[in-house]
Every structure is written in C-alpha cells, then in structure tokens.
Amino acid sequence: MKTLDLVRRRMALAASRPFGYTRYPLENTLEYRGDPGLFGPGSVSWKVIGDVSSLVGGIRALLVQAAHPEVVAGVADHSRYREDPLGRLSRTSAYVTATTFGALPEVDEAVERVRRAHRPIRGRSHRGRGYSADAPDLSAWVHNALTDSFLAAYQYFGPGTLTPAEADHFVAEQARIGRLLDAAPLPVTARELGDWIAEHPGIAPSPGMEAAVDFLTSPPLGGIGLRVGYRVLQAGAIATLPESLRKVLGVRSNDRAIDVAKAVVSTLRWSMGSSPSWHLALIRTDSPVPDDLFRQPLPIGRAGATGRPA
C-alpha cells in the first residue's frame, strides 16, 4: 500500500510540476471566508475545471486559439512563449484557477492582471488586419476557445458526462468571466458555442499558427514519461476538434486517440484526484468536502490535517 501511495504521489508531482512557475493565485484565499467567488459550490464550473480532464482542455484551447490569425499574431509578436513556455503555461493556469475557484477579490485581481498585460499588445497580422488583444472579438475567441475546450474535454474524458442542461449551465457560467474582459459575442448555450467556434469566419492558416502548432506538438516538458503522456493527451485533444478546425490547423485525428487518452486521464485521476484548488475553495466556503475526490495536499500551508483552517 505504501508503494502504491508513493507511485501516486510521484505521478501527481510530475504532472503538476509544469504549472508551478508562477505565484499560486489562491495563497490568501482563506482570508475571504464565505466568499463563493463567481460560481460557488454546486456550480458546474467547479466540477468541470476541477477534474483532470481540464489538462486536455487546456491543450485543446491553445490549438483552437492558434487557428485565428490575429490572435496568434499577437502571441507570436508579443509573447515569450518559446523562451519561457512553462512560465506562460503557469500564468494561464493561474488565471483559470483564480477566475474559477477564487474569491471575488482574487477574480478581480486576475482579470485586472490580464487587462494590464493586454493593453500594449497591438499590431498587424500577416494578412494585413490590425489586432488589439483587448478587442472584444479577439477576447471572445480566446475566452470561448477555453470554455468550449474545457467542456469538450470533460464530455470526452471526464468521470461522467454532463446533461445538455448542465452543459448549457457551464457555458453560461463561463460567460460571466468573458463579460469581465468585455469579450463579445459570448454564446450562452453549448450548441451555440460549438457552432460559433466551428463556423467562425475569421479562422485561417497563418505563419504564427504553424509555429504554434509545431511548438505545441513537442514542447520542452522534461522527462520522457511526461513528454509521452503529453503527446497522448494532445492527440486526444486533436480528436475532439471539429473537422473545420483540424483542416485549418493541418492536424489529423488518430482513430484510437480518444481511447488511449481516456486511459491516461483515468490514470492521472487515480494519482492526482481532483484539483486541490477546488478543495481549497470548498474549505473557504465552509462546504462539505467529499472523501473520494481529493488526493493531493492543499496548495497552501494554512490548513490542518482535517482540511480545515488551522
């Protein structure tokens, strides 16, 4: 049993290490006792983004975002993702964590940080169109890609599937975040969102897209086990994309990709459990903590062995 626990801990540590290159966004969250944040206990967002399938959703979202020439031009021209890939990954993960599980002051801080980062990002894409990172339509592409991808990943790789009503509720919940960034349009049902992504008139191949897809195919993630696991999850992410996006991105789906990715996600769920940030948010809101969801230690050292603030 001790050997099994050791294997679980090592797997969880290896899988979570790439996300630890920035300050943890909820380190002070217990100071906001009772604050439910944007969603709160019982929300679909906590359930979906708290599951390890969100790892596939994150990969998928980056691929979707790269299909828009002006969005990916902004990344290529202004981001240091090649020099600091794990830093960028960690900052994106911290934003999702804060807006999903944070108390309202932490949500506001995360949104304001994004606004500050976006203000100077302006330029022109290879097809001659001007871009601004805080333009409502480009913000909508980035935000909606995240929402659609987290939803698709959960539906394919989650511990269960959402009902149509739950899926719509998730999309409507996530639209609250988009409104904080003045993104528009923001579909509020799962079908509207999926159609908006798949049929978007702005998507097209671009030099920035090709560079981004090449990078996402083989990012610098360290050990061979992590790299192999990532490639399996990436293949699973590609298999969930609508055909229109796969054609633009120039990627192909493997017939067995879904099944293999399901096996890897299930193994990660066994080793990692659900998000420790979800666990922490339940503590902050004085909500019941299920016995079977969480395996990792709390991400801050301010709670006792019972999972309650010391």
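I began with a definition: buried means under 20% relative accessible area, exposed means over 50%, and partly exposed lies in between (1.4 Å probe, protein chains only). This is a predicted model, where local features need pLDDT of at least 70, side-chain atom pairs count only at pLDDT 80 or more, and totals for chains, interfaces and linings use all residues. Residues are numbered from 1 along each chain as its sequence is written, and side-chain values use heavy atoms, with hydrogens and water left out.

**Entry 1: helix α13**

I looked up Asp-259 and found this residue in helix α13 (helices are DSSP runs of H or I with at least four residues, strands are runs of E with at least two, and both are numbered from the N terminus). Asp-259 counts as exposed, at 52% relative accessibility.

Next I took the helix as a whole. Helix α13 covers residues 257-272, 16 residues in total, and spans 22 Å from its first C-alpha to its last, close to the 22 Å expected at 1.5 Å a residue (the expected span is 1.5 Å times one less than the number of residues). Which residues of α13 are buried? I noted Ala-257, Ile-258, Ala-261, Val-265, Leu-268, Arg-269, Ser-271 and Met-272. Seen down the axis of α13, these buried residues fall within an arc of 165°, so they line one face of the helix (the arc is that of the directions from the helix axis to the C-beta atoms). A reminder to myself: an α-helix has 3.6 residues a turn, so residues three or four places apart point the same way. Just after α13, Gly-273 takes a positive phi of about 70°.

**Entry 2: the inside**

Of its 86 residues, Val-48, Trp-141, Phe-170 and Leu-249 touch the most other members. Helix α7 (residues 136-157) gives the most to this core, with 10 residues.

I then listed the contacts of Phe-170 (contact means heavy atoms within 4.5 Å). Leaving aside neighbours within four places in sequence, Phe-170 is in contact with Val-44, Ser-45, Val-48, Ile-49, Thr-147, Phe-150 and Leu-151.

Is Thr-100 buried or exposed? Thr-100 is buried, with a relative accessible area of 0%, and its place is in helix α5 (residues 85-101). Not counting residues up to four places away in sequence, Thr-100 touches Phe-39, Ser-45, Trp-46 and Ile-49.

**Entry 3: salt bridges**

How many salt bridges are in the whole structure? My search gave 11 (each is a side-chain nitrogen of Lys or Arg within 4 Å of a carboxyl oxygen of Asp or Glu).

I looked at Arg-23 and Glu-109, whose side chains meet at 2.9 Å, N to O. Arg-23 sits in the loop between α1 (2-16) and α2 (44-49), and Glu-109 in helix α6 (residues 104-118), 86 residues apart. Arg-23, Glu-27, Glu-109 and Arg-113 are linked in a network of salt bridges.

Arg-127 and Glu-70 form another salt bridge, at 2.7 Å, N to O. Arg-127 lies in the loop between β1 (122-124) and β2 (130-132) and Glu-70 in helix α4 (residues 69-78), so the pair ties together parts that are 57 residues apart in sequence. Arg-127 is partly exposed at 27% relative accessibility, whereas Glu-70 is buried at 4%.

Technical notes. A nonpolar core is a set of buried Ala, Val, Leu, Ile, Met, Phe, Trp, Tyr and Cys residues joined through side-chain atoms within 4.5 Å.
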